[in-house]
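Here's a quick briefing to read with the viewer open.

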Amino acid sequence: MPFAISKLVLLAGIAQLVGCLSQGPPVELRRQTDDDAGTDPTLAPLPSSFDAGLELAVSDPHAVIGVDPSHGPWKGGQARILRGNGFTKGLRVWFGANEIATKDIIPVDPGRAQVIVPMGLAGPADVKAQIGDDASTARVLNAGYLYEDFYAEPGTGPISGATVVHFIGEGTAWAVGTTVSIDEKPCEPVAVVSPTELTCTVPANSPGAKSVVISAPDKISVVRDGFTYANSDNGFKGGLSGAKLAGHLKVLVYDDFSGIPIPGAFILAGDDTDTGLVKFTDGTGVAVFDDPGLGPKRSITIAAKCYEPTTFIDVPVDAVTAFMTPVLSPACAPEGDPPSVGGHGIAPSVVRGELVWGEDGEFRNAAWHNIPSPIGPHEKLVAYVFRLSSDPSSTFSLPDASQGVRPEIQGTVGFPFRLDTSLGNLTLYALAGIEDRSASPPRFTPYAMGVVRGVSALPGVTTSDIFIPIDIPLDHTVRIAASTPAPGPRGPDRAGFSVAVEVETDGYAILPTSVQSQVLPVSRTLSFVGLPALSGALTGTRYVASALAGTGPLLTAPLSQVGALASSSESIDLASFVPVPLLDSPAFGGAWDGRHLSVSFGPSTATIDITVLKLESGGGLVSWQVAAPGGARDFTLPNLGHAFPPGALVPGNVSISVYGAHIEGFDYGNARYRDLAPRGFDAYSLDVFPAHTE
């Protein structure tokens with residue numbers, strides 16, 4: 001009798017739950033990945049023997065219980081688990097008025113289906129499920145999903161802070177006076193670009209996903225997990241900003257690895273101490289100049305003891321945020337050990353899921369059907385899961401065999417995978433094909449691909465139930481019309497070409513079949529076979545073709561690299577190489593006075609937007625970074641040996657690296673540290689010159 005009574009009580013509770021599903025707020029089924037703050041203690045856990053799908057089947061063969069996680073940005077595109085009952089072949093799902101495409105629905109079992117959230121309007125949206133055209137199976141969960149009214153680009157940055165983030169809103173009315181906070185810390189300065197776009201510079205914080213609050217005159221918007229801190233540097237930090245330089249200048253100086261302000265840093269506004277202005281940063285790492293003579297441009301040099309100096313030539317704005325790289329010398333540490341350069345411990349993040357084939361729930365029967373049968377004893381069917389690369393020209397790296405997904409190990413509806421990964425809101429892609437590990441090097445040829453977006457990866461958390469459909473055939477050819485520079489006496493003498501798929505902004509799928517090497521000069525069309533069509537899950541993506549004309553088998557300097565984008569074309573013109581730089585003064589291998597440099601470039605159709613010099617001394621231990629707008633020019637640097645000896649180069653041999661770079665839409669007044677290195681260049685050239693100082 002006690003058991004029967006308890007069963008009746010449980011069924012009554014379930015009946016009440018089902019009654020609530022058609023009205024009122026959604027039942028939020030939380031998991032660890034939903035919020036880094038942990039489980040809400042006010043939510044009582046269900047009994048361990050409770051099976052929602054089984055019990056709901058007693059009262060209703062069809063139901064929609066909730067979406068996990070139950071919120072996301074208004075732009076959509078995230079993978080979510082829809083929970084309910086009666087999910088089967090022909091499942092249709094709507095978020096608000098938008099029906100999800102069949103290809104974006106993966107029924108896992110009668111109680112679960114993975115869906116890709118469509119774009120929506122900010123605010124709560126009803127979630128509806130139905131089997132085919134049978135209206136009797138339709139069920140609606142009112143306000144089952146919350147479309148957040150803004151999202152961040154980029155959504156991940158280093159724990160040292162200083163990432164400049166764009167927040168993109170929908171239905172917002174941001175105006176002067178709007179404030180932003182991340183994890184209750186101010187994100188500032190706030191620049192309102194429009195009622196639906198603003199920028200700010202994020203503060204330093206601990207690793208993990210943090211809540212973002214935007215307080216506008218008309219309302220306050222909150223997004224949980226709106227920005228993720230990780231041990232990485234995306235380069236969207238520091239640099240130049242603010243209004244036109246006109247009598248006022250603010251310089252902020254931080255340690256590049258820790259994000260800690262550097263007090264006592266030397267700041268020179270000008271070419272030398274005789275005609276320029278000198279200040280030292282205060283305890284917060286800030287120096288402020290007020291002088292009527294400042295403007296419209298002024299060169300700014302920042303130096304500090306045991307840090308590599310930086311010079312921005314012809315700064316046209318009133319704010320400079322410098323991130324100084326520590327000198328890794330025992331002489332710069334109190335105990336004689338090299339200074340710390342990060343290494344903050346972060347618990348690893350793990351993503352688990354399955355690769356699935358086919359459609360409409362018939363995954364197991366269609367498994368591996370789009371991969372040819374192996375030939376010979378050493379060829380095996382295998383698939384691997386990858387994160388997107390931040391560099392479209394990077395080389396494909398075959399994972400260890402232990403990470404392979406193989407047909408003999410089956411899961412619920414597909415084939416299980418595990419990926420140890422860094423933090424953030426990730427897009428993953430999988431490649432399935434045939435490999436031969438007996439070859440040297442091992443050979444892997446993919447024939448099909450899959451993509452899933454919006455995978456949350458938090459520190460110390462395992463994200464489960466991620467399903468990647470392997471439904472994109474790698475059967476297209478992309479052609480590159482290449483026209484390289486002529487070989488020079490010192491180089492370049494050969495070139496490497498590659499094609500990647502830009503799945504999202506600064507996120508690229510790298511394939512093993514999309515790389516070729518050629519001897520210079522090259523003036524013909526090159527074909528790359530085995531790429532995906534830009535349709536289906538890749539609709540709206542782009543091919544990215546890159547070429548590096550370099551010297552020797554490792555393609556070292558002198559070199560010139562170029563990248564080109566095509567939103568839909570499978571024929572890409574790749575000819576706008578930046579000419580290799582020349583150092584006119586000092587002479588090659590000659591004496592340098594430590595102050596004057598002259599750089600030039602040959603004729604080219606590519607515009608040079610920024611020139612970056614890296615001056616290295618002491619065997620590369622101490623360097624000095626110099627950035628200037630435009631291409632060919634003469635440089636005059638301050639004599640740091642006289643003005644600030646602790647920040648000066650070491651006398652002796654000096655290596656001078658010269659970059660000439662083209663960046664689409666570049667504005668020197670808004671230059672970030674990303675714009676000072678190859679990862680931020682659309683095309684660039686590099687050469688390295690020896691010299692020596694007294």
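In this predicted model, strand β29 gives the largest share of the lining of the largest cavity, three residues. That cavity has a volume of about 50 Å³, and a search of the whole structure finds two cavities of 30 Å³ or more.

**The largest cavity**

- If you want to select the lining, pick Y384, V385, P399, Q403, V405, F417, R418 and L419.
- Two strands each supply at least two of the lining residues: β28 (379–387) and β29 (415–421).

- Around the second largest cavity you'll find H62, A63, V64, N85, G86, F87, L91, A129, Q130, I131, T137 and R139.
- Strands β1 (63–68), β8 and β9 (134–148) are the elements that give two or more residues to this lining.
- Of these, β8 has the largest share, with three residues.
- By residue class, the second largest cavity is lined by six nonpolar, five polar and one charged residue.

**Strand β4 and its partners**

- Is strand β4 largely enclosed or largely open? Four of the five residues of β4 (residues 91–95) are buried, so the rest of the structure largely encloses this strand.
- On one pairing, β4 runs antiparallel to strand β8 (residues 123–131), and five bridges join the two.
- Within that pairing, F95 has V127 of β8 as its bridge partner.
- β4 also pairs with strand β5 (residues 98–99), again antiparallel, this time through two bridges.
- β4 and β5 make a hairpin with two residues between them, and G96 in the turn has a positive phi of about 65 degrees.

**G144 in strand β9**

- G144 sits in strand β9.
- Why does G144 count as buried? Its relative accessibility is 1%, and the cut-off for buried is under 20%.
- Along the chain G144 and K128 are 16 residues apart, while their C-alpha atoms are separated by 8.8 Å.

**The β42-β43-β46 sheet**

- Three strands make up an open sheet in the order β42-β43-β46, with antiparallel pairing.
- Which strands stand at the edges? They are β42 (581–585) and β46 (633–636), each with a single partner strand, so one side of each is left without a neighbour in the sheet.
- From one strand to the next, the twist averages 25 degrees.
- Four bridges join β42 to strand β43 (residues 596–601), and the two run antiparallel.
- One of the residues to look at is P581, whose bridge partner in β43 is F601.

Technical notes: Residues numbered from 1 in each chain as written. Predicted model: local features only at pLDDT ≥ 70, side-chain atom pairs only at ≥ 80, totals over all residues. Heavy atoms only, no water. Buried < 20%, exposed > 50% of the residue type's maximum accessible area, 1.4 Å probe, protein only. Pairing = 2+ DSSP bridges. 1 Å grid on protein atoms, 1.4 Å probe; cavity = no way out; pocket = protein on both sides within 12 Å on 5 of 7 lines; lining within 4 Å. Points joined across faces, edges and corners; volume = space filled by probe spheres on them. Nonpolar A, V, L, I, M, F, W, Y, C, P; charged D, E, K, R; others polar. Axes fitted to C-alpha atoms, helices over the stretch in contact; angles between N-to-C directions.
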